[in-house]
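Hi,

Here is the structure I promised to pass on to you. Have a look at it first, and then read on for what turned up.

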Amino acid sequence: MTPSSLIQGGFILFSTVILLTVGFLAFFKPEANIDNLKDQLERSTEIYDENGELASKITANKTEGISIEEIPDHVKNAVVSIEDHRFYGHNGIDYKGIFRAFYTNLKAGEVKEGGSTITQQLTKTALLESDRTYKRKLEEFFLAREVEKEYSKDEILEMYLNQIYFGHGAWGINKAAQVYFGKEVKDITVAEGAMLAGIINVPSALDPYKHLDKSKNRRDLVLSRMKEHGFIKKDEYRSAVEEKVALYGKQQSDPLKGKYPYFVDHVLSEASKRYHIEMDELLTGGYKIHTTLDQNMQKVAEEVYQDDSIFPKGTSDKMVQSGAVLLDPKTGGIRALIGGRGEHQFLGFNRATQLKRSPGSTMKPLAVYTPALEEGYEISDELKDEKMAFGTYEPSNLGGEYKGEVPMYEAVMKSLNVPTVWLLNEIGVEKGMESLKRFGISLEKEDRNLSIALGGMKYGVSPLDIAGAFSTFTNDGERMQSHAIVKIEDAQGKVVAKWKKEKTRVTTKGVADKMTSMLLGVVEYGTGKNAAVHEWEIAGKTGSTQLPIEGAENGVKDQWFVGFTPTLVGSVWTGYDKTDAKNHLTTHSSEGAAIVFQRLMAEALKSQKPKSFNVEDIGPLIEEHKEELKREERRKYWEDKKDDLKNGLKKWQDKIFNGNDKEEKQKDEDKNHGNGEEDKPSGNDPAINNEDYSNQ
């Protein structure tokens with residue numbers, strides 16, 4: 001048989017097969033469903049910062065889709081030229097292409113070309129198993145036609161370019177651009193786009209990192225096809241062919257993916273809980289979430305948390321954990337957030353937002369001193385400071401020292417327990433409970449007792465809770481609801497959720513200013529000195545909780561510090577996730593959490609100019625109180641001296657007077673004994689010489 005007769009016979013055979021296939025397709029219906037084909041294009045969710053700049057990405061799928069509008073024409077044309085140049089003309093099956101491939105392969109005696117269209121390749125990749133059976137091939141033919149009926153050419157090409165594999169873990173055209181050229185696909189050149197299009201055929205054999213010459217030759221073939229089909233002009237072709245290949249590095253990955261993990265975790269949680277978007281949908285739906293994130297603050301916060309030396313040491317080798325929040329008091333927006341130390345686990349335990357621990361003495365300003373000021377107390381009023389019991393509850397000051405009475409600002413400044421509990425008892429527990437609710441602190445019925453003054457709670461608070469509460473003091477008595485999300489857009493750009501400002505009038509500006517004055521004193525003169533930031537006015541409160549284990553009463557379970565400037569609120573917790581006799585802290589918050597807070601705030605505030613609260617400084621009150629104590633000591637000293645003089649004079653007088661009486665009596669007795677009778681004075685003879693007595 002001659003070659004021509006072979007070709008003719010093959011053509012007849014092929015035509016017969018095509019006719020039979022077309023006829024069969026009229027009755028054959030595969031099991032695969034194309035209705036959800038577009039749903040399988042899972043796009044990454046993008047997180048934007050407060051300025052609208054892309055800050056992070058997150059996805060649950062291997063592919064990261066982008067819209068067809070984001071893919072340059074020269075990239076789309078490169079893929080169409082080499083994979084299916086009649087893509088825009090056929091209905092899913094390119095019969096001319098199939099015949100051409102059959103003829104070429106038969107003539108060559110080997111497989112040189114494939115006849116599959118882009119639509120067929122999409123159905124094979126997205127809907128069908130990879131087994132090479134006649135049934136699967138028939139399904140591929142049928143589904144390709146159905147896909148063409150359901151979707152536009154742009155939709156099909158978009159799905160295809162986002163689903164195909166380019167090697168090195170790069171699923172989708174955008175990921176491939178990042179892996180090979182370190183760019184977004186919108187930024188790659190004509191030559192780079194042609195190289196990516198060439199890789200599609202056999203990613204392993206055409207890997208430019210391993211087989212650069214082969215990959216370059218394939219690129220040039222793609223460019224020639226682009227020129228042949230009118231997608232580029234001759235000068236563009238020559239320029240692209242001469243362009244040197246500049247690979248970025250095969251270890252390159254999306255620099256935004258996985259960035260700011262704890263903040264992103266909270267954003268996803270907030271989107272799910274507050275706006276009722278399913279987590280799976282958030283991870284695959286291509287949402288754009290605009291947030292309150294300050295990237296600079298988040299970066300420095302993460303750097304601070306890498307410095308192990310600033311964290312307190314515990315009683316075991318286990319890592320002491322911590323969580324922190326930086327909050328904008330004017331808007332309630334979360335600027336930065338750290339949910340823990342060590343390795344991050346996606347959507348794992350976030351200590352900044354999910355932790356619930358007793359807040360210790362950080363509760364005092366909220367539950368006691370704010371409502372007391374509202375009831376008419378002044379910051380200089382004296383509070384009882386002596387050992388006392390309130391029924392079965394018997395609080396004590398750290399160190400066991402008591403002064404009898406102390407001014408309110410000193411009780412706050414030195415974090416004295418007994419005066420605080422005494423004051424809550426005076427104003428009533430109900431006042432404290434009502435105050436905490438206004439501050440946004442969740443309470444249980446079991447919390448209604450005097451121990452709430454010192455942070456005793458059934459469940460407790462998170463760093464975010466306590467930061468939101470303290471933001472009231474630097475916002476003129478108003479608390480803005482804490483949040484991280486400003487708005488959420490879906491993959492089509494439609495706004496599906498938007499933040500609505502929520503604020504609560506907690507107290508008056510006057511009370512807020514007085515509390516700020518006392519909390520400034522904590523940092524400048526009291527237990528919070530280690531939290532001071534150079535040139536900034538920092539107001540804040542320490543808090544520690546005792547280890548509730550017999551035999552380890554001196555151990556510390558939790559350390560807190562929450563503080564603020566006129567522009568930023570910071571809250572830090574440190575401790576063990578599980579605290580027991582073998583795993584606890586040995587220092588108080590002034591030596592632990594306060595130091596972490598100081599570093600965090602110092603770094604976060606570097607780009608801002610210091611601002612003042614413009615409130616009363618308690619320094620003069622402290623000095624005045626000291627002078628008053630000195631005056632009282634001097635007065636008492638001279639009172640004591642006066643009493644000593646009086647007592648001395650009295651003793652001297654008694655000695656003299658009592659001594660003369662005895663002598664006179666003795667003379668009388670001797671005289672009477674001598675005469676044998678008692679002498680009685682006459683009326684004209686006085687018994688005592690008044691003048692002499694007076695002189696004596």
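Which element gives the most to the lining of the second largest pocket? Strand E12 does, with five residues. Please keep in mind that this is a predicted model.

Sorted by class, the lining holds 22 polar residues, nine nonpolar ones and eight charged ones.

Two backbone angles are also worth a look. Most residues other than glycine have a negative phi. Ser415 is not a glycine, yet its phi is positive, at about 55°. You will find Ser415 in the loop that runs between helix H15 (408-413) and helix H16 (417-427). Glu535 is not a glycine either, and has a positive phi of about 75°. Its place is the loop between helix H19 (509-525) and strand E12.

Are these two residues buried or exposed? Ser415 counts as buried because its relative accessibility is 16%, with the cut-off for buried at under 20%. Glu535 has a relative accessibility of 60%, so it counts as exposed, for which the cut-off is over 50%.

Note on methods: Residues numbered from 1 in each chain as written. Predicted model: local features only at pLDDT ≥ 70, side-chain atom pairs only at ≥ 80, totals over all residues. Heavy atoms only, no water. Helix = DSSP H or I, 4+ residues; strand = E, 2+ residues; numbered from the N terminus. Nonpolar A, V, L, I, M, F, W, Y, C, P; charged D, E, K, R; others polar. Buried < 20%, exposed > 50% of the residue type's maximum accessible area, 1.4 Å probe, protein only.
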